[in-house]
Amino acid sequence: MRAKLSTAALAIIAIVATMSAAAARTTRDVRGEIVEVAGREVSCANVRTRFDGSLPNLGAAAPDERLTILNPRLLGRYSKVVQLFVFHHECGHHRVGASELNADCWAVGEGVRAGWLDRNGLTQVCRSFGNEADTDTHPSGRSRCANIDRCFAAAEFEVARAKEKQRYRVEAVALSEAPKLVAGPRLIRTSVLR
Ligand SMILES: [Zn+2]
């Protein structure tokens, strides 16, 4: 027989629904605006993204404005993984400051954790730096490549360690559930404790 929901139960459902709506709003604000880059939905927490075809670079970050600007026209000349890298590199400036190497490293970490960056993608990113020597704003392509190589290895190690930890946690949970006794204990032989 189906029971009718009491008024009290309905009231509780209404409260829970309101609470989860508020939680969703907060989550969206923290996550940042969701934009599509290279066919993938991405976001940078607390940062808005604007697309501007007149920007002289692939991307730029304005941390004071909590704003990332991307040039879709220039980005379109690169592979998807490079486009995603640029988005996350700019997001990295919002997270770790003005250092190009640190922003690169942050982007690599995000790529490895999210699964869009593998060794092949890393080579494409390195190639996109070009053979440029050091400038006032950017380190040489060579040092940026060496840096992202190190960051990639470190991120892969972290991900592997996190997976291992997760595996142990799952096993620990499985073990904590008391095993069911298949058969009753049976005396095999008596012995003397020495
Ligand atoms: Zn940069």
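This is a predicted model: local features need pLDDT of at least 70, side-chain atom pairs count only at pLDDT 80 or more; totals for chains, interfaces and linings use all residues.

In which sense do strand 3 and strand 5 pair, and over how many bridges? Please start there and then show me what surrounds that pair.

Guide: Happy to. Strand 3 and strand 5, the latter made of residues 67–70, pair in the parallel sense, and four bridges join them. For a landmark within the pair, look at Arg50, which stands opposite Ile69 of strand 5.

The pair belongs to an open sheet of three strands, ordered 3-5-4, with mixed pairing. Strand 3 (48–51) and strand 4 (59–62) are the edge strands; each has a single partner strand, so one side of each is left without a neighbour in the sheet. From one strand to the next, the twist averages 20°.

Asn46 lies in the loop between strand 2 and strand 3, and Asn46 has a positive phi of about 65° although it is not a glycine. Asn46 is partly exposed, with 13 other C-beta atoms within 10 Å. Arg66 sits in the loop between strand 4 and strand 5, again with a positive phi, here about 50°, although Arg66 is not a glycine. Arg66 counts as partly exposed too, with 15 C-beta neighbours inside 10 Å. The background is that most residues other than glycine have a negative phi.

Strand 1 (residues 34–37) and strand 2 (residues 40–43) run antiparallel and are joined by four bridges. Ile34 has Ser43 of strand 2 as its bridge partner. Two residues lie between the strands of this hairpin, and Ala38 takes a positive phi near 50° there.

Now let's see what lies over the sheet. Helix 3 (residues 80–96) lies across strand 4 and strand 5, running at about 20° to strand 4.

In soluble globular proteins, nonpolar side chains tend to be buried together.

Helix 4 has 15 residues and spans 21 Å from its first C-alpha to its last, close to the 21 Å expected at 1.5 Å a residue. Its buried residues include Ala103, Trp106, Val108 and Val112, along with Asp104 and Glu110. The buried residues of helix 4 pack against helix 3 and helix 6. Gly115 follows helix 4, with a positive phi near 90°.

In helix 5, the buried residues are Gly121, Leu122, Val125 and Phe129. Seen down the axis of helix 5, these fall within an arc of 100°, so they line one face of the helix. The general rule behind such a pattern is that an α-helix has 3.6 residues a turn, so residues three or four places apart point the same way. Arg119 and Asn120, on the other side of helix 5, are exposed. Helix 3 and helix 6 are among the elements that cover the buried residues of helix 5. Just after helix 5 comes Gly130, with a positive phi of about 75°.

Finally, step back to the whole chain. The protein has six helices and five strands, arranged along the sequence as α-β-β-β-β-β-α-α-α-α-α. Of its 194 residues, 23% count as buried. Among contacts between residues at least 6 apart in sequence, 45% join residues at least 24 apart.

Methods
Residues are numbered from 1 along each chain as its sequence is written. Two strands pair if DSSP finds at least two bridges between them. Axes are lines fitted to C-alpha atoms, for helices over the stretch in contact, and angles run from 0 to 180 degrees between N-to-C directions. Two residues are in contact if their C-beta atoms, placed from the backbone, lie within 7 Å. A residue is buried if 20 or more other C-beta atoms lie within 10 Å of its own, exposed if 12 or fewer, and partly exposed in between; C-beta atoms are placed from the backbone. The expected span of a helix is 1.5 Å times one less than its number of residues. The arc is that of the directions from the helix axis to the C-beta atoms.
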